[in-house]
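Here is a structure to get to know. Take a moment to look it over, and then we'll walk through a few of its features together.

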Amino acid sequence: SCGKKTDLLDENIAERFNLGMQYFEKEKYLKAETEFNYLILNNPGSKLALDAQYYMAESMFHQEKYLESIIEYDRYSRFSDNFNKIEHADFRSCEASFLSSNDYLHDQGSAAELMDKLQVFIEKYPHSNYYSKIEEFFIEIRSRLAKKEYEAGRLYLKLDEYEAALIYFDDVISLYYDTKYADWARIETIFTYLLQRNPEKATSKLKNYSNKFNDVNNYKIAESLIDDMHAGKLTLSNYIRLYK
């Protein structure tokens with residue numbers, strides 16, 4: 001009698017897993033999540049429950065429940081022995097962390113924490129097929145941080161707090177030299193010195209930046225600002241364009 005009950009239970013669990021997979025393959029992720037969660041709760045510790053853990057995490061990810069999915073991916077990675085799925089779960093955990101971060105990230109600390117997580121993945125899987133995606137995440141995070149510093153500098157510039165603006169622009173140039181914001185910060189630095197009626201300093205800075213612009217067109221923009229100042233043609237349109 002007990003054996004028959006166990007067989008029926010096992011059969012029911014397998015049916016629920018198959019139903020969950022059917023929902024998953026049809027992209028009905030909420031229903032799939034429900035079925036996989038039922039299996040995990042009613043058959044903990046089994047191989048099928050571990051597989052359900054992975055697919056429940058995937059279902060959550062596709063519903064953009066990123067923070068919840070991270071917990072499930074990490075739990076799967078701790079207990080599974082399927083190397084390929086562990087690697088994918090670890091990548092998804094990184095991807096979910098990246099996607100759940102704010103446009104600018106909260107601060108340097110939260111950005112550093114996320115980049116540490118990405119670095120751990122690279123060290124754990126040095127030859128991963130996901131390497132290029134992880135690298136994209138790194139680049140985007142640095143770009144977000146650069147944008148945050150750059151916008152702070154522009155805010156101070158609009159408030160006529162020129163020295164504070166220059167500090168922020170210099171941080172962008174020195175810390176985020178590989179982002180587009182570095183060139184923009186160089187242009188804004190030249191512009192700031194011109195606003196201070198100091199064309200000599202602007203010219204000196206441009207000379208220092210001459211071979212450091214990532215885009216030669218940005219160098220030409222900065223150069224034209226100085227030329228316009230000398231020619232008395234630094235017009236309102238120039239100011240508006242760079243203040244926007």
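Where is the place of Arg197? Arg197 sits in the loop between helix H9 (180-195) and helix H10 (199-209). Before going further, keep in mind that this is a predicted model.

Arg197 has a relative accessible area of 60%, so it counts as exposed, the cut-off being over 50%.

Asp160 is another residue to look up. Its phi is near 65°, again a positive value in a residue other than glycine. You'll find Asp160 in the loop between helix H7 (131-158) and helix H8 (162-175). With a relative accessible area of 48%, Asp160 is partly exposed.

Now for the inside. In soluble globular proteins, nonpolar side chains tend to be buried together. Here, the largest nonpolar core has 65 residues, and those with the most contacts inside it are Phe36, Ile134 and Ile190. Helix H3 (residues 47-62) gives the most to this core, contributing nine residues.

What does Phe36 touch, leaving aside its neighbours within four places in sequence? The list runs Phe17, Gly20, Met21, Phe24, Ala52, Tyr55, Met56 and Ser59.

Ser69 lies in helix H4 (residues 66-79). Not counting residues up to four places away in sequence, Ser69 touches Ala57, Met60, Phe61 and Ala96.

Is helix H5 mostly covered or mostly uncovered? Mostly covered: 14 of its 18 residues are buried. Helix H5 spans residues 83-100 and reaches 26 Å from its first C-alpha to its last, close to the 26 Å expected at 1.5 Å a residue.

## Rings in pairs and in a cluster

Aromatic rings deserve a look of their own. A search of the whole structure turns up 21 aromatic pairs. One of them joins Phe24 and Tyr29, an edge-to-face pair with 5.5 Å centre to centre and 70° between the planes. Phe24 is buried, with a relative accessible area of 14%, and Tyr29 counts as buried too, at 15% relative accessibility.

Phe121 and Tyr125 also form an aromatic pair, this one tilted: 4.9 Å centre to centre, with 50° between the planes. Phe121 counts as buried at 3% relative accessibility, as does Tyr125 at 4%.

Which residues form one aromatic cluster? They are Phe17, Phe24, Tyr29, Phe36, Tyr54, Tyr55 and Tyr76. Some of these names have come up already: Phe17, Phe24 and Tyr55 are among the contacts of Phe36.

## Arginines over tyrosine rings

Finally, turn to two places where an arginine sits over a ring. Arg16 lies over the face of Tyr38, at 3.7 Å from the ring centre. The charged end of Arg142 sits over the ring of Tyr177, 5.7 Å from its centre.

Definitions and conventions: Residues are numbered from 1 along each chain as its sequence is written. This is a predicted model: local features need pLDDT of at least 70, side-chain atom pairs count only at pLDDT 80 or more; totals for chains, interfaces and linings use all residues. Side-chain values use heavy atoms; hydrogens and water are left out. A nonpolar core is a set of buried Ala, Val, Leu, Ile, Met, Phe, Trp, Tyr and Cys residues joined through side-chain atoms within 4.5 Å. Buried means under 20% relative accessible area, exposed over 50%, partly exposed in between (1.4 Å probe, protein chains only). Helices (H or I, at least four residues) and strands (E, at least two) are DSSP runs, numbered from the N terminus. Contact means heavy atoms within 4.5 Å. Rings of Phe, Tyr and Trp (its six-membered ring) pair if their centres lie within 6.5 Å; planes under 30 degrees apart count as stacked, over 60 as edge-to-face and the rest as tilted. A charge sits over a ring if NZ of Lys or CZ of Arg is within 6 Å of the ring centre and within 35 degrees of the ring normal. The expected span of a helix is 1.5 Å times one less than its number of residues.
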